[in-house]
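Please consult the sequence and the structure shown below while reading.

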Amino acid sequence: MNTNPSNIMALTSNTSNKKETVCIFGTGDFGRVLGCKMIQSGYSVVFGSRQAQTSSLIPKDAEVLSHAEAAQKAAIIIIAIPRQYYNFLTPLAEILHGKVLVDVSNNLKLNQYSQSNAEYLAQLIPGAKVVKAFNTVSAWALQSGPLDASQQVFVCGDDKKAKQIVMDIVRALGLTPLDQGSLLAAQEIENYPLQLFPMWKFPIFLSLGLTAFFFFYSLTRDVIYPYVYENKDFSFFIAISIPNRICPIVALILLALVYLPGVLAAIIQLYRGTKYSRFPDWLDKWMLCRKQLGLVALAFAFLHVLYTLIIPIRYYVRWRMNSGVLSQALNNRTDPFINTYGWLNDSYLALGILGFFLFVLLGITSLPSVSNSVNWREFRFVQSKLGYLTLILCTAHTLVYGGKQFLNVSSYRWYLPNAYMLSLIVPCIVLVVKFVLVFPCLDKPLTQIRQGWERNPRYSEQSNHIINKSAV
Amino acid sequence: MNTNPSNIMALTSNTSNKKETVCIFGTGDFGRVLGCKMIQSGYSVVFGSRQAQTSSLIPKDAEVLSHAEAAQKAAIIIIAIPRQYYNFLTPLAEILHGKVLVDVSNNLKLNQYSQSNAEYLAQLIPGAKVVKAFNTVSAWALQSGPLDASQQVFVCGDDKKAKQIVMDIVRALGLTPLDQGSLLAAQEIENYPLQLFPMWKFPIFLSLGLTAFFFFYSLTRDVIYPYVYENKDFSFFIAISIPNRICPIVALILLALVYLPGVLAAIIQLYRGTKYSRFPDWLDKWMLCRKQLGLVALAFAFLHVLYTLIIPIRYYVRWRMNSGVLSQALNNRTDPFINTYGWLNDSYLALGILGFFLFVLLGITSLPSVSNSVNWREFRFVQSKLGYLTLILCTAHTLVYGGKQFLNVSSYRWYLPNAYMLSLIVPCIVLVVKFVLVFPCLDKPLTQIRQGWERNPRYSEQSNHIINKSAV
Amino acid sequence: MNTNPSNIMALTSNTSNKKETVCIFGTGDFGRVLGCKMIQSGYSVVFGSRQAQTSSLIPKDAEVLSHAEAAQKAAIIIIAIPRQYYNFLTPLAEILHGKVLVDVSNNLKLNQYSQSNAEYLAQLIPGAKVVKAFNTVSAWALQSGPLDASQQVFVCGDDKKAKQIVMDIVRALGLTPLDQGSLLAAQEIENYPLQLFPMWKFPIFLSLGLTAFFFFYSLTRDVIYPYVYENKDFSFFIAISIPNRICPIVALILLALVYLPGVLAAIIQLYRGTKYSRFPDWLDKWMLCRKQLGLVALAFAFLHVLYTLIIPIRYYVRWRMNSGVLSQALNNRTDPFINTYGWLNDSYLALGILGFFLFVLLGITSLPSVSNSVNWREFRFVQSKLGYLTLILCTAHTLVYGGKQFLNVSSYRWYLPNAYMLSLIVPCIVLVVKFVLVFPCLDKPLTQIRQGWERNPRYSEQSNHIINKSAV
């Protein structure tokens with residue numbers, strides 16, 4: 001669109017009311033809904049179909065013609081038919097020459113074909129300008145308006161002009177086009193709608209693994225041990241007591257694992273004396289899923305809070321409290337208040353509350369719309385400074401909770417320490433190493449390295465931009 | 001703007017520093033703030049006013065002229081005056097010929113006039129290109145920057161070129177234009193800022209109706225019945241006990257109502273043997289407000305959680321517990337621990353916690369910025385798979401809670417069953433029907449139908465896109 | 001890009017596959033990552049460097065040339081070198097004449113130089129078209145994709161055409177350009193990434209001040225007083241009891257301070273008889289940080305809820321309850337249930353729950369993605385109507401809580417009233433004044449004033465737009 005101010009008058013007297021004509025091959029669901037939406041946005045739509053007859057399902061304002069006739073009417077043709085029927089387009093190659101062909105197809109499986117549908121189409125009709133688009137929106141999302149699912153439309157194609165035309169159509173439909181580059185990106189774009197939370201897989205499997213391990217660990221210590229030695233049936237612990245032991249442990253370990261790669265990266269950089277070497281692949285991948293790790297940890301922390309707050313409502317807890325009081329009453333005895341217990345108990349609760357509060361704050365900040373509205377420095381402040389504070393508070397919460405438990409003699413069963421002791425290993429390592437790294441003798445060279453300094457210097461110009469991942 | 005790469009050099013040597021001039025008719029709040037913002041964005045602004053004198057309120061860099069003079073200076077004229085004064089534009093018809101007129105007006109009531117303001121304007125000045133825009137942003141939002149309220153500007157108009165010019169201005173002001181098609185959409189756009197949560201009306205009225213019903217139901221059973229038969233005053237139950245009975249019931253019913261239309265749609269499709277017939281209107285509308293129904297249900301579930309967690313702090317609960325202990329102490333008796341009770345109690349609490357956890361997860365996923373960043377398959381996975389799991393957990397929570405209650409003899413009062421029993425009807429129906437639909441003998445034809453197969457086949461091409469609403 | 005439909009055929013036969021060439025001066029982190037991203041988006045990239053040799057860090061598809069050679073190859077040159085090296089560009093002035101220079105630099109401190117980097121660059125190379133852009137995105141954000149940090153790119157420049165070219169590049173990289181006007185805005189844009197929550201400073205310092213005051217106030221009353229007079233050690237109150245006294249107080253005061261400026265503005269408008277005079281500066285600033293004040297208040301309310309729900313788990317609380325029961329048991333006495341206590345206790349809990357529920361609702365609505373999807377009327381409804389309801393419920397919660405406490409004789413210690421009494425002052429003032437303002441004799445003239453009426457009328461045209469800030 002030409003908005004050069006001096007041209008406005010010229011243009012407005014132009015053919016501006018003639019609406020662009022778009023041709024759609026295929027009268028399936030997606031073709032029809034897309035056509036309908038395009039008519040609403042002011043386009044003329046011609047359907048190309050094997051049988052050139054209007055069905056009641058096709059929007060009223062649209063024409064239905066044979067493929068060849070329809071294609072001749074428009075410069076843009078949307079191919080809304082499955083890949084397996086693409087070969088019937090070959091006879092139309094001449095008509096399609098120079099046209100913009102929009103491939104909207106999806107496959108049923110990841111990497112179903114070695115060649116993406118769009119590239120296959122481009123190879124079939126070499127004279128056409130193939131653009132991949134619209135495969136990430138469903139007909140249902142098109143129909144029901146902008147709020148129900150993603151509005152992002154990934155667009156790629158080798159012809160920049162053709163891509164721009166398609167992106168303008170995307171915008172006109174109220175969707176957000178995202179240029180993904182050349183047609184080489186088509187494979188990835190076609191895989192995108194088939195993905196199921198790829199970034200979440202590692203954090204979720206890891207947390208499930210940890211959950212399973214600590215479940216059997218706690219089962220052994222808290223249910224099987226008393227059953228074997230004291231013949232007591234604590235099987236109902238499976239419902240709440242054991243989950244409430246697992247959740248905080250997994251949450252703390254996962255939270256520490258969010259900050260471990262940053263610490264490892266710093267060590268690697270210090271050792272190498274430069275930031276210009278690539279990290280090992282596993283470290284790169286680990287760093288990219290830190291946000292997901294953190295959110296899974298938050299989910300476990302949230303469950304821990306719910307399980308904890310429900311404690312005084314439990315029948316078992318009420319019964320135990322009552323029998324405690326009753327035994328005192330029957331023995332005419334009143335346990336005195338022990339100030340140390342009061343301090344220990346209140347401080348581990350307070351530490352837990354503050355840790356959870358900051359954790360929730362971190363979670364809110366990682367919502368896309370919130371993290372989009374803060375600048376880079378603010379984002380780093382929240383995710384790094386507040387993040388470490390959260391880790392410190394949660395570790396202290398567990399340590400002080402332990403402090404109370406250490407007084408119990410019954411801590412070791414079958415030489416198994418209490419599960420929470422295991423959970424402290426990773427966070428303590430992270431905090432100790434981080435603490436060491438903060439010392440000037442290490443912090444100063446690290447900062448220099450991150451600003452681009454190299455122990456064995458090579459030529460490099462620097463911008464003022466912070467790039468290094470471990471900075472977060 | 002012409003970004004054709006080969007033209008860049010030509011263009012940059014061009015008249016590019018000459019800023020576009022925009023004329024604003026009307027020096028009211030909105031006109032002034034809009035003018036101010038446009039000057040900041042690099043436009044020249046000329047105000048057209050009845051009295052061509054600068055007031056202290058008008059931005060310094062703007063000129064104030066008579067309407068006729070101002071209009072001649074620009075190709076775009078923003079009409080920031082109320083509809084009732086539009087007729088004074090008629091004498092200017094000749095000057096306004098061919099210009100882009102931007103109607104920014106709003107009305108005070110929904111459908112105040114049979115004809116939208118923009119269409120009325122287009123009829124008054126037939127030679128002008130009328131574009132509706134800016135009516136959805138307030139002067140306050142323009143002034144205070146992008147974060148405080150909606151930045152979406154709906155734009156419509158019959159002239160595509162004129163619309164593009166206006167949309168470029170919208171973008172230059174840092175707002176998001178949304179093309180709504182021809183001027184026929186003006187009525188809807190003018191109604192938009194007057195709407196008050198139209199999609200929420202049905203869910204909220206429904207939940208209020210259910211709340212009222214169950215309030216009187218519980219009042220009868222829990223306050224009036226004991227007052228009549230046992231002369232006990234439990235009126236203070238109105239504050240917490242009764243709300244905490246109503247909230248979970250309404251939440252569970254609403255959650256089941258989210259999934260009922262999908263089940264109904266599947267039955268209709270199986271019966272008709274095709275997905276190409278429209279659903280009845282009420283079912284369509286019901287489907288479109290499922291998200292809102294679910295969020296209202298979540299709100300009630302959240303209240304239920306708060307009411308439940310507060311239980312042990314209540315004076316009444318503490319007093320009852322204490323008097324229980326005291327009566328045991330005075331009678332020298334200790335109630336034994338009943339393992340079945342422990343299991344029942346812990347499992348209904350655990351089910352409730354897990355159900356609420358998943359429910360919160362569903363709620364977070366329905367935040368616009370989150371649902372925008374997942375693909376269609378992920379959205380379906382969360383909203384459908386996790387949604388049904390939530391419904392199963394919450395129904396089980398209520399059933400197990402009931403399991404405990406069934407042991408009480410005092411369940412029926414005045415032939416009224418406990419309220420939670422009523423709440424189980426809808427969820428159980430949904431789950432049973434869904435369970436039946438999962439059987440291969442029904443699931444297979446249903447999947448075929450949803451892929452486009454018809455029992456009485458007609459011609460239809462299919463794309464690989466999932467469209468059917470009940471698929472969610 | 002020219003989408004004039006009649007030109008599509010002409011254009012598509014054009015030079016559309018020739019990718020635009022962009023030159024980047026500087027091979028530091030940011031330059032390299034930006035170059036990499038641009039190549040992915042289909043641009044040709046030429047690096048200009050002091051030593052024209054490719055390093056392993058530079059993207060493979062990019063050329064590295066001397067500055068002069070590189071500059072000649074492109075119409076757009078991105079200056080990715082620090083400000084202190086800008087002067088070496090002076091010899092290149094002739095080559096850079098007429099080119100678009102994109103300044104991406106940041107400083108290390110707010111207002112480090114009196115002149116912004118971009119203006120300094122424009123002054124050094126007067127013949128070039130300088131555009132400020134990209135300084136708000138970090139290399140890390142560019143690399144790791146759209147979800148991790150802000151995608152907003154602020155763009156400013158005196159040359160509109162050059163700015164448009166840069167904004168198109170920004171869009172092509174999947175980022176969101178925001179036009180900030182002329183190069184005068186560069187200073188502000190350069191300061192933006194250095195800011196650390198500027199709008200949050202006042203609310204956070206205010207809340208910290210209030211917290212400190214009420215901490216020492218409560219310490220005096222609840223720890224020092226009993227230590228001095230009763231020689232009791234309640235120092236462990238510092239962990240939970242005192243924070244749980246401070247949090248609701250600070251939350252309530254902050255919430256009232258959200259609504260106080262609106263009330264003050266209404267009084268000022270009524271007194272002046274017009275809305276066309278500026279409010280005092282402090283009132284304007286106060287109004288602009290109301291959202292942040294409200295969210296800080298919500299954080300304190302959330303902490304209060306957590307501290308309160310944890311109460312029955314505390315060792316001290318359990319011990320006190322048990323010793324209460326024991327003293328009854330030992331004295332063979334059973335305290336009767338007092339209905340009034342039941343009512344008071346349950347209603348202040350219920351009011352608190354409902355108040356917190358609405359507060360959370362307000363918080364959710366202020367998430368950017370949610371507030372973007374509601375219209376102005378809906379936003380006002382939630383933030384004003386629901387906001388006042390929240391304030392009323394929370395004030396009532398505190399009053400009824402007080403009602404219970406008033407019965408205690410021990411309320412005054414060292415002439416200090418209970419802290420919650422102090423917290424009621426501001427909310428009660430706001431609610432009383434608001435209540436008075438709702439009376440028709442005041443509401444009617446106020447509405448007229450806000451619609452533009454003036455007691456001493458001047459000429460002014462009005463649009464139907466609501467502008468006045470105090471309207472919220």
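A residue counts as buried when its relative accessible area is under 20%, as exposed when that area is over 50%, and as partly exposed in between. The model discussed here is predicted.

Both Phe234(B) and Tyr316(B) are buried. Two rings pair if their centres lie within 6.5 Å, and planes over 60 degrees apart count as edge-to-face. Over all chains, the count comes to 78 aromatic pairs.

One of these pairs involves Phe197(B) and Phe381(C): the ring centres are 6.4 Å apart and the planes stand at 65°, so the arrangement is edge-to-face. Phe197(B) belongs to the loop between helices H8 (186–191) and H9 (201–230) of chain B, while Phe381(C) belongs to helix H16 (residues 376–406) of chain C, so this pair joins two chains. Phe197(B) has a relative accessible area of 19% and is therefore buried. Phe381(C), at 29%, is partly exposed.

The rings of Phe234(B) and Tyr316(B) likewise have centres 6.4 Å apart and planes at 65°, so they too form an edge-to-face pair. This pair links distant parts of the chain, for Phe234(B) is in the loop between H9 and helix H10 (241–272) of chain B and Tyr316(B) is in helix H13 (residues 315–330) of chain B, 82 residues apart.

Aromatic residues also gather in a cluster whose members include Phe234(A), Tyr316(A), Trp319(A), Phe337(B) and Tyr341(B).

Charged groups meet rings as well. In chain A, the charged end of Arg83(A) sits over the ring of Tyr113(A), 3.7 Å from its centre. In chain C, the charged end of Arg83(C) sits over the ring of Tyr120(C), 4.4 Å from its centre.

Terms used:
Residues are numbered from 1 along each chain as its sequence is written. Chains are lettered from A and ligands numbered from 1 in the order in which they are written. This is a predicted model: local features need pLDDT of at least 70, side-chain atom pairs count only at pLDDT 80 or more; totals for chains, interfaces and linings use all residues. Side-chain values use heavy atoms; hydrogens and water are left out. Rings of Phe, Tyr and Trp (its six-membered ring) pair if their centres lie within 6.5 Å; planes under 30 degrees apart count as stacked, over 60 as edge-to-face and the rest as tilted. Helices (H or I, at least four residues) and strands (E, at least two) are DSSP runs, numbered from the N terminus. Buried means under 20% relative accessible area, exposed over 50%, partly exposed in between (1.4 Å probe, protein chains only). A charge sits over a ring if NZ of Lys or CZ of Arg is within 6 Å of the ring centre and within 35 degrees of the ring normal.
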